[in-house]
Amino acid sequence: MKRLLPRAALQAVQRIGQTLDPFFAGRWYWSTKRWIAERQLQYVLEQHGNQSMQARQATERYRRSDFAVRYWRSAPGPVMRIAEQALDAGVPLHAIRLVVLNTDLRIRRGQVHLRRPFIVTVLNTIFATIVGVHMFLMSLMAVTAPGPIWLKVTVILAVAFVYCFLYYGWSLYASRSQHALTEHGRKFDALCLESTAGPQHNVRNIFSN
């Protein structure tokens, strides 16, 4: 698809996507929470100082909100570390955002694991089929309805725009997240395995002496 589009059109599509993705991901919500957390942190520091328990709690709330603004969803500490390590390992930021947004990094038995929900692939296929058939039927109704041609064309374009807009938002939680798992899943698995095995190297046998 990308190869068929001219460079200018591809850049325009990418710019539109960069605008729509944060909207569908709810980044505006986390930006609001970060703003509130920042104000609360300033108040706590003024009232209790930076060594107080209240300051630590307020700092943690701000840290989680700041992470959510960058990665589009809040997450537990171990998941936050895996996300930062994945960025350092060369995984694209957008792919990490999709994984974090869809909570594909899960904590199970105290360790972070990457889930690969096959049911999402099935549901995405079904939903795409329903959307495609419904859009076709709506366009067919516009064509067969009485009226001037310019009105029919306008209705068809409006229907296509609405359905494409909604499906693009849906794909953020379905097909695109699955693509990110397929392309970068091995790196995430390796990072999760390293986080599991890492602490074991520091274990000391206190009964050896």
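Which residues form a nonpolar patch on the surface? They are F118, I119, V122, L123, I126 and I130, and together they have about 580 Å² of accessible area. Keep in mind as you explore that this is a predicted model.

**On the surface**
- I119 counts as exposed because its relative accessibility is 51%, and the cut-off for exposed is over 50%.
- As background, nonpolar side chains tend to be buried together in soluble globular proteins.

**In the largest nonpolar core**
- The largest nonpolar core has 28 residues, and those touching the most other members are F67, I82, I96, L105, L172 and F188.
- Two or more residues of this core come from each of these elements: α1 (7-25), α3 (53-71), α4 (77-88), α5 (93-101), β2 (111-114) and α8 (175-197).
- Helix α5 makes the biggest contribution to this core, giving six residues.
- Setting aside residues up to four places away in sequence, F188 touches I82, A86, V91, I96, V99, L105 and L114.

**A buried histidine**
- H184 belongs to helix α8.
- Is H184 buried or exposed? H184 counts as buried because its relative accessibility is 12%, and buried means under 20%.
- Apart from neighbours within four places in sequence, H184 has contacts with V91, P92 and A95.

Definitions and conventions: Residues numbered from 1 in each chain as written. Predicted model: local features only at pLDDT ≥ 70, side-chain atom pairs only at ≥ 80, totals over all residues. Heavy atoms only, no water. Patch = residues over 30% accessible without salt bridge, like charges linked within 9 Å, V, L, I, M, F, W, Y side chains within 5 Å. Areas by Shrake-Rupley, 256 points an atom, 1.4 Å probe, with all protein chains shown as cover. Salt bridge = Lys/Arg side-chain N within 4 Å of Asp/Glu carboxyl O. Buried < 20%, exposed > 50% of the residue type's maximum accessible area, 1.4 Å probe, protein only. Core = buried A, V, L, I, M, F, W, Y, C linked by side-chain atoms within 4.5 Å. Helix = DSSP H or I, 4+ residues; strand = E, 2+ residues; numbered from the N terminus. Contact = heavy atoms within 4.5 Å.
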